[in-house]
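These are my notebook entries on a structure that I am reading for the first time. I went through it piece by piece and wrote down what I looked up.

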Amino acid sequence: VAEITAMAGGEPGELNPEEFVYGEEDFVLQAAGWGDPGSAPSQFDRMLLAGWSDRMERGLFRYRLGPLPTRVLPGPVRLVAQLNEQRSAERRPPQPVRSLRDPFDPGAFNFTRLRPAEMLFRLRRTGGPGPPPDPLLVAINASPLERGHVLLLPEPARRLPQVLTAPALRGALEAALLSAHPGFRVGFNGLGGGASVNHLHLHGLYLGRPLPLEEAPAEPLGPRLGLLRAGPAPAFLFFAPGPAALEPVSRAVCRAAEHLARAGLACNVLATRGDPPAGPGAGGGRGLRVLLWARRPLFGPKAGEPFAVALCELAGLLPLPAEPLYRDITEVQALSAIRQHLLPEPELLHLGGELARLLEN
């Protein structure tokens with residue numbers, strides 16, 4: 001059973017929140033269904049949400065997040081639009097990024113500068129399966145998209161740039177399995193793909209509704225890879241039926257992401273509970289779906305865009321900055337804004353073939 005331990009004080013400037021020590025027995029293999037997403041939260045959920053709410057009460061966020069106006073845009077893709085005016089007005093401006101390989105810049109904002117009170121706890125696994133993943137600091141995202149929006153940080157003192165690593169991804173996938181809520185998702189925005197800080201971090205957040213990409217069937221590209229066309233943007237799909245698959249899936253996703261970077265492409269990653277790649281009727285229980293989007297990199301803001309495109313938008317959730325846009329945007333307009341960053345179909349299929357071959361070796 002997960003243990004909570006207070007950390008002893010370390011060097012000045014070191015961040016020493018309490019530890020959440022977990023083992024494989026703490027994974028919630030079947031989360032609550034969407035019919036009852038509020039049923040019995042796990043110890044991880046309770047600790048995360050209690051700490052998050054406490055920091056909101058103490059004024060540690062850039063704004064107070066209340067219930068957000070939300071509507072599903074009419075149309076076949078069923079995009080979910082949310083009005084979050086404060087985030088666009090109050091969040092820290094994204095760091096300028098010049099390339100997919102920008103090194104860590106100690107002079108720019110980074111997560112070694114977080115205040116100790118912004119830390120909720122450190123996640124650390126003991127026992128099997130496989131070598132343990134990176135311990136992850138769980139910190140508030142001071143400009144939240146949703147209640148419970150956190151940052152998952154491999155040791156910030158290592159000063160790693162925003163390039164996904166398999167131990168960090170596996171820690172985040174394990175965090176997804178520690179939650180009993182069907183809408184707790186983890187994700188990553190790469191450089192040129194919407195990352196606003198060049199210091200290795202992933203996101204965790206609770207989304208209050210299902211997304212089509214949880215259950216839509218994928219086209220098989222190889223034994224370990226599919227192409228998922230549900231949602232606003234096609235994604236490469238990896239699937240972990242249970243905890244033992246998290247390590248090979250993490251390595252496969254990071255190999256694929258590295259291949260994209262060598263090809264000059266940016267990436268976004270989202271992990272969500274979902275059905276096997278063949279879909280809900282094909283047999284086999286739900287596990288973790290890990291989606292990888294390949295895209296043309298974007299460095300700096302693009303004039304005239306209605307919204308920035310990062311992992312939420314690619315998954316079908318549109319946090320919008322202004323009431324008129326929220327009220328009036330159509331599915332066609334939103335899809336046009338998202339898809340201008342994507343690869344043409346022949347290029348996407350060629351890349352899928354390359355990734356399938358890469359992952360078979």
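**Entries on a predicted model**

I began with helix H7 and asked what covers its buried residues; the cover includes helix H5 (311-315) and strand E15 (317-320). Since the model is a predicted one, I take each entry as a reading of that prediction. I then listed the buried residues of H7, which spans residues 331-339, and found Glu331, Ala334, Leu335, Ala337 and Ile338. They lie on the same side of H7, because the arc they cover around the axis is only 160°.

Next I followed strand E15 into its sheet, which is open, has three strands in the order E3-E4-E15, and shows mixed pairing. Strand E3 (70-72) and E15 stand at the edges with a single partner strand each, so one side of each has no neighbour in the sheet. From one strand to the next, the twist averages 20°. Looking at one pairing in detail, I noted that E3 and strand E4 (residues 80-83) run antiparallel and are joined by three bridges. Within this pairing, Arg71 stands opposite Ala81 in E4.

I turned to the nonpolar cores and asked which residues have the most contacts inside the largest one. That core has 67 residues, and the ones with the most contacts inside it are Phe44, Leu48, Leu123, Phe236 and Phe238. There is also a second, separate core of 37 residues, and it includes Leu73, Leu270, Phe307 and Ala334; Ala334 had already come up among the buried residues of H7. Going back to Phe44, I set aside residues up to four places away in sequence and found that it touches Phe20, Phe121, Leu123, Ala175, Leu178, Ser179, Phe184 and Tyr206.

Apart from neighbours within four places in sequence, His199 is in contact with Phe104, Asn110, Phe111, Thr112, Pro156, Arg159, Leu160, Pro161 and Gln162.

Last, I checked the record: an unreviewed UniProt entry lists residues 43-204 under "domain: GDPGP1-like N-terminal". In the model, this span is 21% helix and 20% strand, and its end C-alpha atoms lie 16 Å apart.

How values were computed
Residues are numbered from 1 along each chain as its sequence is written. This is a predicted model: local features need pLDDT of at least 70, side-chain atom pairs count only at pLDDT 80 or more; totals for chains, interfaces and linings use all residues. Side-chain values use heavy atoms; hydrogens and water are left out. Buried means under 20% relative accessible area, exposed over 50%, partly exposed in between (1.4 Å probe, protein chains only). Helices (H or I, at least four residues) and strands (E, at least two) are DSSP runs, numbered from the N terminus. The arc is that of the directions from the helix axis to the C-beta atoms. Contact means heavy atoms within 4.5 Å. A nonpolar core is a set of buried Ala, Val, Leu, Ile, Met, Phe, Trp, Tyr and Cys residues joined through side-chain atoms within 4.5 Å. UniProt positions are given in the numbering used here, feature names are shortened, and annotations may be inferred rather than shown by experiment. Two strands pair if DSSP finds at least two bridges between them. Axes are lines fitted to C-alpha atoms, for helices over the stretch in contact, and angles run from 0 to 180 degrees between N-to-C directions.
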